[in-house]
Amino acid sequence: MNLYILTSRENVEQRWISISGESRPILLDMNNIEEQAFTPQCCLLVHLDSLTKDQISLLSVYWDKVNLIGFSDNPNDAQGIELLLNGFKGYINTFVTASIFSQLISSVRKGDIWAGTSIVQKMLKRLLQQSDDKHIDLASFGLSDREMETVEVLITGASNKEIGRELGITERTVKAHVSSVLRKTETSDRVSLIIKLKDSK
């Protein structure tokens, strides 16, 4: 499970190496990336501020070969949404703490998408707006009544706290319902869930 680094800044490279916990992260550049034979579940850490927009767009062709994670010196929702919709699995600040960095890599390797709450909520809303028919068929997934109520609020882009407020339940209970829904629908995160539910209509 290799870790690859794509940056032109030495301070970023050294920092990521020091907090990676990996034995030997592999440093790449845009000139040799096409020759790289990526291993399963590997992650490519992309320092977005080191690349041009065209180079970042070119990376999207590798989404099925490597888990692309975008790091920005000044992250913003618009860039994060664009990257995630184009195959990136994560989007975060370049100078993330070591503990969050570790959680990020672990989550992405498990198939989850890592991004800020506001980015995920905006992505969910965008996915839902792409369809004229907002009704989603939940019957085939074996969800309980409470789980279906949770999903009905979740697909509006609501946070766990907002779902809890709407349904009159605790945020902890919402998390339990969402986890159960993800398990029953065989999805790993809210974005994957929405895509699967839309496709099941």
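**Figure 1. Overall dimensions of the protein chain in the predicted model**. For a chain of 201 residues, a compact globule would have a radius of gyration near 17 Å, and the protein chain, at 18 Å, agrees with that expectation. Taken along the principal axes, the box filled by the C-alpha atoms of the protein chain is roughly 50 × 35 × 30 Å. Of the 201 residues, 47% count as buried, and among contacts that join residues at least 6 apart in sequence, 62% are between residues at least 24 apart.

**Figure 2. Secondary structure of the protein chain**. The protein chain has nine helices and five strands, and when these elements are read from the N terminus on, they follow the order β-α-β-β-α-β-α-β-α-α-α-α-α-α.

**Figure 3. Packing of helix α6 against helix α7**. Helix α6, which spans residues 145-154, packs with helix α7, which spans residues 160-167, at an angle of about 125°, and the axes of the two helices lie 10 Å apart. Because angles of 65 to 115 degrees count as roughly perpendicular and those over 145 as roughly antiparallel, α6 and α7 are therefore described as oblique to each other. The crossing in which α6 passes α7 is right-handed.

**Figure 4. Residues at the contact of α6 with α7**. From α6, the residues R146, E149, T150, V153 and L154 take part, and they meet I163, E166 and L167 of α7. Sorted by class, this contact of α6 with α7 holds four nonpolar residues, one polar residue and three charged residues.

Figure 5. S159 has a relative accessible area of 18%, and because buried means under 20%, S159 is classed as buried. When residues up to four places away in sequence are not counted, S159 touches Q121 and R190.

Figure 6. The phi angle of E186 is near 55°, which is a positive value in a residue other than glycine. With a relative accessible area of 69%, E186 is exposed, since the cut-off for that class is over 50%.

Key: Residues numbered from 1 in each chain as written. Predicted model: local features only at pLDDT ≥ 70, side-chain atom pairs only at ≥ 80, totals over all residues. Heavy atoms only, no water. Axes fitted to C-alpha atoms, helices over the stretch in contact; angles between N-to-C directions. Helix = DSSP H or I, 4+ residues; strand = E, 2+ residues; numbered from the N terminus. Parallel < 35°, antiparallel > 145°, perpendicular 65-115°, else oblique. Left-handed = near helix turned anticlockwise from the far one by under 90°. Contact = heavy atoms within 4.5 Å. Nonpolar A, V, L, I, M, F, W, Y, C, P; charged D, E, K, R; others polar. Rg over C-alpha atoms; globule rule 2.2 N^0.38 Å. Buried < 20%, exposed > 50% of the residue type's maximum accessible area, 1.4 Å probe, protein only.
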